[in-house]
Amino acid sequence: MNYRERREKVYSQMEEKSILILYSGEALHISADAYHHFEANRQFFYLTGIRRENMALVLEKCGEKLEETLYIEPVDPSVERWVGKKMTEEEAKEISGVEAVAVMDSLPSALDRIMTRKLPKKVYFDTYRHQMSDLPDYNAAKAQAFISAYPGIAVESIYPAVAALRMVKDADEVALTKEAVKVTEEALNHVLATLKPGMMEYQVQAEFEYKVKSLGADGMAFPTIAGSGINGTMLHYETNHDVCKENTLVLLDLGARVKGYNADITRTYPVSGKFTERQKQFYNIVLKANRSVAEMAKPGLTLKELNDHCKSVLAEGLIGLGLIEKEEEVGKYYMHGVSHHLGIDVHDVTVPEQAKLMPGMIITDEPGLYIDEEEIGIRIEDDLLITEDGCEVLSESIVRTVEEIEAKMKER
Ligand SMILES: [Mn+2]
């Protein structure tokens, strides 16, 4: 991937006489010598291609010449014996395309030199917080410390600029998303071949995740949702501890992650291999909405317009079955949006300035119906790449019609 090109786009948005300091972060401590799974700061990953701990990227725009330096951990054989190989200077250069690589220990003095000699007027950090109640993350904490060390310096978040870039995927990103979808498809086919009444939801989850792992993916894009019967009506059910009973549906919202890129797919399968007539009625309404959104999606539309359309299709179906009388009542059975952006975050970044779809954006298409009183929860989710004049359904070949699903479960 061309990370240098991405950094150049960020440079072009930075003010004259400014620098950017972006840390990859460090794993959160659990207890004793155990740490949480590490996830690199997404902006750092997007601009360097590296997902390692304890690194920093510094971009300087303080003269005619743009300067960039990547700070990495020093190679220490005695540490490597325990935790595995660190990235070498050559590898860091090779992946990121940054020519100047230095060790993290030299970062404070380097920053001091820049601040006292080049006199930047502004420093950019990534200070994004998802919710005000969240603790400041690694980069935001570093920004605070920096302000204390250099009082009076203007600090601004680079997040909105990088988020805007991340919304439009380049060819490499599309290719990786396709790989993640492909792995998800194979793992779902494995689920179709093994699903049967009496299985625990966590066993269905395990069949999916076993296949994803054995195909060499990074792992799951997010915690797998496997909800059978009434559990399928809970939107973010992650307990997965119930038995999949005969003649119920199991809703599977899941995805593989490949090299940092995610699939986000939902399929709803009949545990016994055949839909009941009633389940089929609801299923085909959701399917119609799913297909209809994919037909409609194109540049210039907003996610809200797609969702309004989705609601009208679902409402029409529910009115036909006599469950509701007016379109406004659809919220009783469908309570989320039909779409979100998908990328290196599953619920990927959005900026208000780019509310309208553009070619290269990847979004989900996920209508659902949740009929508590009949213990039926159905969602069908595909991933769409917006093209010049419409969209490409990246998950087109993952079976989704009643006939296809029943046929696949029968042939096993
Ligand atoms: Mn989704």
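Me: Which residues does Glu388 touch, not counting those up to four places away in sequence?
Reply: Bear in mind that this is a predicted model. Glu388 sits in the loop between strand S18 (382-386) and strand S19 (391-393). Leaving out residues up to four places away in sequence, the ones it touches are Pro299 and Pro359.

Me: And is Glu388 buried or exposed?
Reply: The cut-off for exposed is over 50% relative accessible area. Glu388 has a relative accessible area of 66%, so it counts as exposed.

Me: How far is Glu388 from Gly360, C-alpha to C-alpha?
Reply: Along the chain, Glu388 and Gly360 are 28 residues apart.

Me: Let's move to Leu188. Is it buried or exposed?
Reply: Leu188 is found in helix H8, which covers residues 171-194. Buried means under 20% relative accessible area. Leu188 comes out at 0%, so it is buried.

Me: Which residues is Leu188 in contact with, leaving aside neighbours within four places in sequence?
Reply: Contact here means heavy atoms within 4.5 Å. With those sequence neighbours set aside, the contacts of Leu188 are Phe208, Leu252, Leu254, Ile265, Arg267, Tyr269 and Ile398.

Me: What is the C-alpha to C-alpha distance between Leu188 and Lys211?
Reply: In sequence, Leu188 and Lys211 are 23 residues apart. Going C-alpha to C-alpha through space, the value is 8.6 Å.

Me: Now for backbone angles. What is the phi of Lys17?
Reply: Most residues other than glycine have a negative phi. Lys17 lies in the loop between helix H1 (3-13) and strand S1 (18-23), and it is partly exposed at 28% relative accessible area. Although Lys17 is not a glycine, its phi is positive, at about 55 degrees.

Me: Where is Asn240, and is it buried or exposed?
Reply: Asn240 also gets a look for its backbone: its phi is near 55 degrees, a positive value in a residue other than glycine. Its place is in the loop between strand S10 (225-228) and strand S11 (249-254). With 1% relative accessibility, Asn240 counts as buried.

Me: How many disulfides are there?
Reply: The test is a pair of cysteine sulfur atoms within 2.5 Å. Take Cys391: the nearest cysteine sulfur, that of Cys310, is 14 Å away, and Cys391 is in no disulfide. For the chain, the count comes to zero.

Me: Zooming out, how compact is the chain?
Reply: It has twelve helices and 19 strands. Its radius of gyration is 24 Å, close to the 22 Å from the globule rule for 412 residues, so the chain is as compact as a globular protein of that length.

Me: What share of the residues counts as buried?
Reply: Cys244 is one example of a buried residue, at 0% relative accessibility. The accessible surface of the chain comes to about 19,200 Å², with 52% of it belonging to carbon and sulfur atoms. Of the 412 residues, the buried share is 52%.

Me: How far apart are the mean positions of the positive and negative charges?
Reply: The C-alpha atoms fill a box of roughly 75 × 50 × 35 Å along the principal axes. The chain has 48 positive and 70 negative charges. Their mean positions are apart by 2 Å.

How values were computed:
Residues numbered from 1 in each chain as written. Predicted model: local features only at pLDDT ≥ 70, side-chain atom pairs only at ≥ 80, totals over all residues. Heavy atoms only, no water. Helix = DSSP H or I, 4+ residues; strand = E, 2+ residues; numbered from the N terminus. Rg over C-alpha atoms; globule rule 2.2 N^0.38 Å. Buried < 20%, exposed > 50% of the residue type's maximum accessible area, 1.4 Å probe, protein only. Areas by Shrake-Rupley, 256 points an atom, 1.4 Å probe, with all protein chains shown as cover. Lys, Arg positive; Asp, Glu negative; His and termini not counted. Charge placed at Lys NZ, Arg CZ, Asp CG, Glu CD.
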